[in-house]
Structures are given as structure tokens and as C-alpha cells.
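Hello,

Here is the structure we discussed handing over. My notes follow below it.

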Amino acid sequence: MRDLREFISALDEQGELKRVTAEVDWNKELGCVAKLSEQKRGPALLFENVKGYNTPVLTGALTTPRRFGIAMNVPGANSLMDIISTWQERINNRIPPKVVSSGPCKENIDKGEKVSIFKFPIPHWYPMDGGRYITNGCIITKDPDSGWVNIGTYRVLCHEERTLGIYVIPSKHIALHYQRYEAMNEPMPIAIAIGVDPTTFVVSTTPTPPFENEYDYIGALNGVPTEVVKAETCELPVPAHAEMVIEGEIPPGERRMEGPFGEYTGYYGYPTPKPFINIKCITYRDNPILWGCTVGRPITDIHAIQTVNRSAAIWMELKRMQMPGVVGVYCPEAAANYFVTVVSVKQRYPGHAMQVGRAVYSTPSGNYANKIVIVVDDDIDPSDMDAVWWAVGTRYQPKRGTEILEIGTGSPLDPSVEPQRKGFTSRVIIDATRPYEWDSYEEEVKLSDEMVRVVKSNWAKYFGTGYAG
Ligand SMILES: Cc1cc2nc3c(=O)[nH]c(=O)nc-3n(C[C@H](O)[C@H](O)[C@H](O)COP(=O)(O)O)c2cc1C
Ligand SMILES: [Mn+2]
């Protein structure tokens, strides 16, 4: 898909979009409606009548496997596992972006006194958030030494009409660029694209290696180059079809308090001093559309996205390690992705299941924040939580199947870690496989394949419509 509008049309055509025409206030009401609707596994919402504004706001666009499938062109996706598999097939065929001379993102250009972020209905999502937050920005910066262009999603707080806060933490790529500018005592140019095609947004939220350009990955997943155009006030390449692009600079050596924010863990993060952006220019399409997401407690768009990119990353890293027998990897949305990994294994030798469990923690991606690895047999789909719980309930023996690791890399946002230990975590491997060394295991209750075939073909006889519906 080329832009957000194509995605919205596709959601609409496939019955996955609800247009909310009633007036809704950007100030906490919109966030509350979006969140309650997500909890009911409702459709994507397009708020067309935000109080005081003409600009619509899209939420809940990626929360379900079906909508994620529409976004990523994986038709008929029933589970995020379908997208995780396709992701791995497509990701290695990198396609660089194509520079074009202009694009719809330049239809309107506000500079100087005309600039105000409050011209757009940025929501205040949760009661204790520190202000109005842009959640779905694709933040573009450049390494002044190597010229490496990075795109990453970091939340953006509206401090004042021409000042934005940004949640930069040291491990992220934007921080590597900003450190260089600060060392030179120069402001860092920055562009924030909002309302882009769904692949661009998803890749912007995905960890890819340093010194690699995310535009090449977007091209890989879309199968076509992304059209980019030069920003108005600096050299950064921005998506030509974005709904809106904010351009500005981050001054060196200055900080403002940022937060709290309703985090993806389901808890508020503390306010901390962070760099900020002075806006120089905002360009936007005619009748722009904003895209946002609720973050907060699972399950929201951020959880679906992180399940896809994290599961795919750990799985690919296990393959690169040439780990035998790995059949699937899944980081469940409901566990806020980072904390739990389920891996299914076709066991081949004694100790294999535990080896895979330990290997998950040793992958670059699986090292971070992870604290529960559940190993299941290859007959268990790791994305099917009913099946995973069945395996845990009926194949796991705590004394035999538990290994505790005392020190690992934790997330500073993990509320279960004591304050003086933040950044660390302990870990467990739960081996919920049938023991390799046993000759037999209790007989499973299964339907007969033959009878299943007959009954499915006769389904309409019992129920009026065929088995597939
Ligand atoms: C909706 C959403 C919001 C996010 N907000 C932040 C954030 O505020 N700060 C942050 O460091 N990472 C945030 N992330 C995760 C980053 O986007 C992700 O780590 C990405 O890889 C960063 O890009 P980089 O690897 O180029 O640094 C967010 C992810 C999503 C899906
Ligand atoms: Mn990056």
C-alpha cells in the first residue's frame, strides 16, 4: 500500500472500519472510546468529528490478525503467526527508497508564525498522561558522520505549539545520532512523518541493525521502493505520501521533563528529563488524517506489532544460530510481548528442549526484558494460547522442567523488578514438552481423521451451512 488512505479504504471494504461521526473530545474521551472498543475486539475506528477540528483520527488499525494481514498484504491471516512467517520470507530482499521531486505531503506548508501543532487533534490518551501525545510518528534522523538515515517510532509529547518532547532512551538509534550532534554542540535536524502506509509505520517500530536504513526494509516488505522527498528545511528524506511531516531541530545540551505516559506494559512510566524539538515547519496533505494508538495495557496495536516483529526477530536469530528443531516462536500480545516467549521444538536428542529455551535468552532480541520462556512440542502452535496452556497444564512438571537464571537484561519499565535492580531481571525456562527420554506418554484424546472428514462434508446436513461457514 502506498499511503494511509489506501489502508483505510481496504479496512472499510473488508468491514473492518467503523466511522465514528458523533462528536468526540480529543481530551481523554477519544482515548477512552478507542480503548474500550479495543477491549471488545472491535473494529478500527475513524473519528471523523473530533471536537474543535476537521481532521479525522484513526485508532485500533492493527489490533487484530485480520487487520494486520490487510495492512501487510497477507490475505486471510487468522493468526499473527501467518504474518510472522511471511515477514521472514520477505524481509531479506531489501529495496532502497526512490527519491521523487515532490509528493502529496507538500500540499500545504506551514512555516514560522503559521506553525502550530495544536492545529491537529493530537489526543490526550490516558488520565495521568503528561499531555497530548503523538504515538504513531516515524522519526527520521541522520548520523552526521556516516550519513546513515534512521527511522524509528518514539513517542512525542506536545509541550507548546512549536515545542515537542521526545522519549529518547540511550539504546535507541536516534540516541546514537543525537550523541554525535551533542558532542559537536550542534542542533540535530529531525523530521516526523505521521499517517504513513502501514508497512512504513510497522518497520519504524521494529528494531533493525544500526547503520541500516529502515527504508530498505519497508521496500522489502512492500515489494516496491518507498517514494521519498526531501524535507523543506533540511536534507532528510521523508515519505512522499505521508499525511503530515513535522520538521525541526533538537538543540544540544537542553532537557525538559517528559511523561508520565501510559506505557505498553499497562503501567505509567515516570517523568524524566528528555531532549525536545523546536518545530520549524509542518507540511501536510489536503484534508489530512491523523493516525494514533492507545498503547497502555494489552492488547492494542503496539502489542500486535511487537508480537510480529519480536517473534520474527527471535526466530530468525535462532535460525542464524543454526539451532535445530525450532518449529515456531511467539511472544504473546497479552504478556506485553517482551516478557514471555513461547517456542515450539521438534525434539531430537536428550536436553534439546532446554537447549532451545536457553538459546532464546541468548539471541540478541530474546535477551532483552524476557523472563519466561515456555518450550512446547511441535504439535503445539505457540500462538494458540489454549494449546500452550494445555501443554503447560499436562506436560510440565515443575521439579523436572524448571530452570531459573539469576541475572539477565531486564526492561527499566518492568514494574515487577525492585527499584534498585531496574535494568536486570531473573529468568525462568518452563519445559512443557513430553520428556524426550520417555518411551511413551499417556494416550491423547483425538478424533478419528476419517470421521472428521465425513462429518465436515456433512456439516450442512446438521447445521444448514457448510463447515467453513
Ligand atoms: C506505538 C509505538 C510506540 C513506541 N514508542 C516508543 C518510545 O516512546 N520510545 C522508544 O524508545 N521506543 C518506542 N517504541 C519502540 C521503538 O519504535 C522500536 O524500538 C524501534 O526499533 C526504534 O527504532 P530504532 O531501532 O531505529 O531505534 C514504540 C513502538 C511502538 C509500536
Ligand atoms: Mn534503526
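Ligand shell and helix 5

Three elements each supply at least two residues of the shell around ligand 1: strand 8 (149-152), helix 5 (173-184) and helix 8 (301-320). Please keep in mind that this is a predicted model. The shell around ligand 1 holds 18 residues, of which Gly-152, Thr-153, Arg-155, His-173 and Thr-205 come nearest. By class, nine residues of that shell are nonpolar, seven polar and two charged.

I then looked at helix 5. Its 12 residues reach 18 Å from the first C-alpha to the last, close to the 16 Å expected at 1.5 Å a residue. Buried in helix 5 are His-173, Ile-174, His-177, Tyr-178 and Tyr-181. These residues cover an arc of only 130 degrees around the axis, so they sit on the same side of helix 5. An α-helix has 3.6 residues a turn, so residues three or four places apart point the same way. The buried residues of helix 5 pack against strand 7 (137-142), strand 8, strand 11 (188-194) and strand 14 (244-250). Just after the helix, Asn-185 takes a positive phi of about 60 degrees.

One residue of helix 5 in more detail: His-177. His-177 counts as buried because 25 other C-beta atoms lie within 10 Å, and 20 or more are enough. Leaving aside neighbours within four places in sequence, His-177 is in contact with Thr-141, Lys-142, Asp-143, Asn-150 and Met-188. From His-177 to Pro-144 the C-alpha to C-alpha distance is 7.2 Å, although the two are 33 residues apart in sequence.

Regards

Notes. Residues are numbered from 1 along each chain as its sequence is written. Chains are lettered from A and ligands numbered from 1 in the order in which they are written. This is a predicted model: local features need pLDDT of at least 70, side-chain atom pairs count only at pLDDT 80 or more; totals for chains, interfaces and linings use all residues. A residue is near a molecule or strand if its C-beta atom, placed from the backbone, lies within 6 Å of it. Helices (H or I, at least four residues) and strands (E, at least two) are DSSP runs, numbered from the N terminus. Ala, Val, Leu, Ile, Met, Phe, Trp, Tyr, Cys and Pro count as nonpolar, Asp, Glu, Lys and Arg as charged, and the others, Gly among them, as polar. A residue is buried if 20 or more other C-beta atoms lie within 10 Å of its own, exposed if 12 or fewer, and partly exposed in between; C-beta atoms are placed from the backbone. Two residues are in contact if their C-beta atoms, placed from the backbone, lie within 7 Å. The expected span of a helix is 1.5 Å times one less than its number of residues. The arc is that of the directions from the helix axis to the C-beta atoms.
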